[in-house]
Amino acid sequence: MAQMVLLGAEALAQGALDAGLSGIYAYPGTPSTEITEYVQRNRYARENGIHSAWSANEKTAVEAALGMSYAGKRAMACMKHVGLNVAADPFINSAITGAGGGLIIAVADDPSMHSSQNEQDSRFYGQFAFLPIFEPSSQQEAYDMAFTAFELSEKYHLPVLMRITTRMAHSRAMVECRETRKQNSLRLPDDPRQFVLLPAIAKKRYRQLLNLQPLLEKEAEKSPFNCLLPGSDSSLGIITCGIAHNYVLENYPDGVPYPNLKIGQYPVPLDLISKLVSEVDQILVLEEGYPLLEQSLRGLLNNGAKPVKGRLDGTVPRDGELTPDAVAVAMGLAAQTGPDAPEFLASRPPSMCKGCGHIDTYNALLEAIEGFGPGRTFSDIGCYTLGALPPFNAINSCVDMGASITMAKGAADAGLLPSVAVIGDSTFTHSGMTGLLDVVNENSPITIIISDNETTGMTGGQTSSATGRLESICLGIGIDPEHLKVIIPLKKNHEENVRIIRQELQHPAPSVIISRRECIQTATRKRKEQKS
Amino acid sequence: MKTDIILAGVGGQGILTIAAAIGFATLSEKMFVKQSELHGMSQRGGAVQSHLRLSDQPVASDLIPMGCADLILSVEPMESLRYLPYLNPGGCLVTNSVPYLNIPNYPEEKTIHDAVKSLPNYIWINADEIARECGSIKSSNIVMLGAASRFINLPFSALQEGVRQVFGRKGDEIVTMNLKALEAGQQAAALKP
Ligand SMILES: Cc1ncc(C[n+]2csc(CCOP(=O)(O)OP(=O)(O)O)c2C)c(N)n1
């Protein structure tokens, strides 16, 4: 069969396509974006009408995927780790409804926070929901697991969590592909009330879910993704989850001397763990993420029969992603390093592009707000968050998508006036609209600037659900048309823009200023695409 | 035989294109490859790096361990120094000499040049100038690939094929220009010790 060089994210997408996917639903977010973009670019997917348009947010994505699964087809929802917080409600409840057609919830975690607000570990969500979890250690496994995950999902009528991490998502290697399986045909659930979570039904289904747990554990015990590998030196046993396995192999090119258990499918295979533990003097747990397995192996009172080493006792750094170097040290090997980087190096943080409209928006806001005192601009997540850095120092918060509007409201409620929210267009339709409704309902005197670059810029310029709709959304929610302003963030409009912003800052009721100019990166790309 | 390469530069300077060209080059050579990169935040004019590992044996880790890189290939001089802890004692640093100035506190260029010169193995060339002579400054990343070619465990013809594959869609003119840039880079580096 065909061999392809694919990113881990792409391997998962290709695997899902080959395994009979009918639709992918997602909101962009590093490092998960490439899964969906791969399907969007894929010719087979286009010719076969496989759904791949972006959703407004992660919650709508998971719900739509669940609907497709209800109708009997194989579906996948994709997001970055914090997206699962947004989608947590449908995610947890989908474990109770169960699935129809195979359903994969693919989540990309970002340990070390390369492009994220935190490094939460999605496996906790999987465990919390009582769902099976897959965690590939190679691009090939990412591909193969799509097949296994869909099969397992249909066998037990349960959604399945596919957890990848940054280094898996964004690293390329050769993948061997299988033949494409046909898509499922339309088929309704046998039990018409399976998806109706009224308490009486939910109680029954929850008990069923609990009863499935031993069977899911049996599946993990015989899974090809979980294997106990022998080693001659029983002074130590190693348990690895996901890509941690690669770092152990890297350090022992001639073979790992210790017995080691490689885990790629959860719930964890208890019999394999007991077998390993009985053979060795102490255990080292290597996990890319939080110490999930390590914690449960130790137990609350740390009274396990054998010592457990890992992140909790400092053998492995408590936070951040694993590296081959950190794993070497954890296994007692000498750390190697090259020459030190010279001290005079300057850091080079990301910054807004030359000519970006957000820059002109901040310049106007900074001048308009001068004199009111510092600390009153609540912002959000996107390229415009870089307005926190010098020379702008323009914003005072960035928490989670949509929080700018609601935090500005809360601060205004507390008496901080004026309070300003700065939010991007995609973020506004992701999670800002509902906050605006609160603002309108309570007539909160805040000024909301929607910095509209007509794209989802930070993640690479995906289509924004907001494009062409912002005015009608704001008016529909109830913003006074007199206080819905549209400005064009250009140097030549600076004075006028400052005047409009200052005027709205003084307005004692909600106002929205849409500052609109297309992202220069997206515009350039579009021009290139049109040419070719 | 393995070659572990750290690619370095600033977002938008084309290091992922270098990675793609090397990736295609290995396809004809039946080698194992892993190439790791970062997307997202790091693209916005920030420092970017990619780990590229080629071997005739399967590659375990997607990341190169510290002190193990055979080559640091950088399209920007200050960025080349950021990853020194990855360089192995016999490894070589190959960098473009033209700074990318988008920060207020960029160090003195002479300080950077001196730090590079203090290394046992280095190549320092003005890739922008060479690229301009080949037709466009945009090819300076491919000039750098050419300059580093003798440290990459692949025949030069495979790299040429990689460049053809990467730019094929953009038409013959662009392919020819980049092949010229690749060769010019190789020649410029050949003149250095
Ligand atoms: C819940 C959640 N989903 C996704 C992301 C990833 N993300 C960060 S910024 C961003 C794009 C925001 O686009 P927009 O608001 O239009 O601003 P722009 O970057 O275009 O300025 C996305 C998708 C996130 N941080 N949190």
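Me: How many bridges join S8(A) to strand S10 of chain A, and do the two run parallel or antiparallel?

Reply: In general, strands of a sheet pair through backbone hydrogen bonds, in either a parallel or an antiparallel sense. In this predicted model, S8(A) and strand S10 (residues 260-263) of chain A are antiparallel and joined by three bridges. Within this pairing, Leu229(A) stands opposite Asn260(A) in S10(A).

Me: In what order do the strands of the open sheet that holds S8 of chain A lie?

Reply: The order is S8-S10-S9-S12-S13 (chain A), five strands with mixed pairing. Strand S8 (227-229) and strand S13 (308-309) of chain A are the edge strands, each pairing on one side only.

Me: Which strands does helix H11 of chain A lie across?

Reply: Helix H11 (residues 244-251) of chain A lies across S8, strand S9 (237-241), S10 and strand S12 (283-287) of chain A. The helix runs at about 135° to S9(A).

Me: Which strands make up the open sheet of six strands in chain A?

Reply: That sheet has the order S2-S3-S4-S6-S5-S11 (chain A), again with mixed pairing. Strand S2 (21-26) and strand S11 (265-266) of chain A each have a single partner strand, so one side of each is left without a neighbour in the sheet. Helix H2 (residues 33-41) of chain A packs on this sheet and touches S2, strand S3 (74-80), strand S4 (103-109) and S6 of chain A. Its direction makes about 135° with that of S2(A).

Me: Where in this sheet is there a parallel pair?

Reply: Strand S5 (residues 133-134) of chain A runs parallel to strand S6 (residues 160-165) of chain A, with two bridges between them. Here Phe134(A) stands opposite Met162(A) in S6(A).

Me: Which strand of chain A pairs with S2(B)?

Reply: Strand S7 (residues 171-176) of chain A pairs with S2(B) in the antiparallel sense, over two bridges. Ser171(A) stands opposite Ser36(B) in S2(B).

Me: How much area do chain B and chain A bury between them?

Reply: About 3700 Å² is buried, 58% of it on carbon and sulfur atoms. The contact takes 43 residues from chain B and 43 residues from chain A.

Me: How many salt bridges and polar contacts are counted between the chains?

Reply: There are four salt bridges between chain B and chain A, and 18 residue pairs are in polar contact. One of the salt bridges links Glu250(A) with Arg53(B), whose closest N and O atoms are 2.8 Å apart. On the side of chain B that touches chain A, S2(B) gives the most, with five residues. The residues of that side divide into 24 nonpolar, eleven polar and eight charged.

Notes
Residues are numbered from 1 along each chain as its sequence is written. Chains are lettered from A and ligands numbered from 1 in the order in which they are written. This is a predicted model: local features need pLDDT of at least 70, side-chain atom pairs count only at pLDDT 80 or more; totals for chains, interfaces and linings use all residues. Side-chain values use heavy atoms; hydrogens and water are left out. Two strands pair if DSSP finds at least two bridges between them. Helices (H or I, at least four residues) and strands (E, at least two) are DSSP runs, numbered from the N terminus. Contact means heavy atoms within 4.5 Å. Axes are lines fitted to C-alpha atoms, for helices over the stretch in contact, and angles run from 0 to 180 degrees between N-to-C directions. Buried area is the accessible area (1.4 Å probe) that two parts lose on being put together, summed over both. A salt bridge is a side-chain nitrogen of Lys or Arg within 4 Å of a carboxyl oxygen of Asp or Glu. A polar contact is a pair of N or O atoms within 3.5 Å; within protein, one must be able to donate a hydrogen and the other to accept it, and residues adjacent in sequence count only if both atoms are side-chain atoms. Ala, Val, Leu, Ile, Met, Phe, Trp, Tyr, Cys and Pro count as nonpolar, Asp, Glu, Lys and Arg as charged, and the others, Gly among them, as polar.
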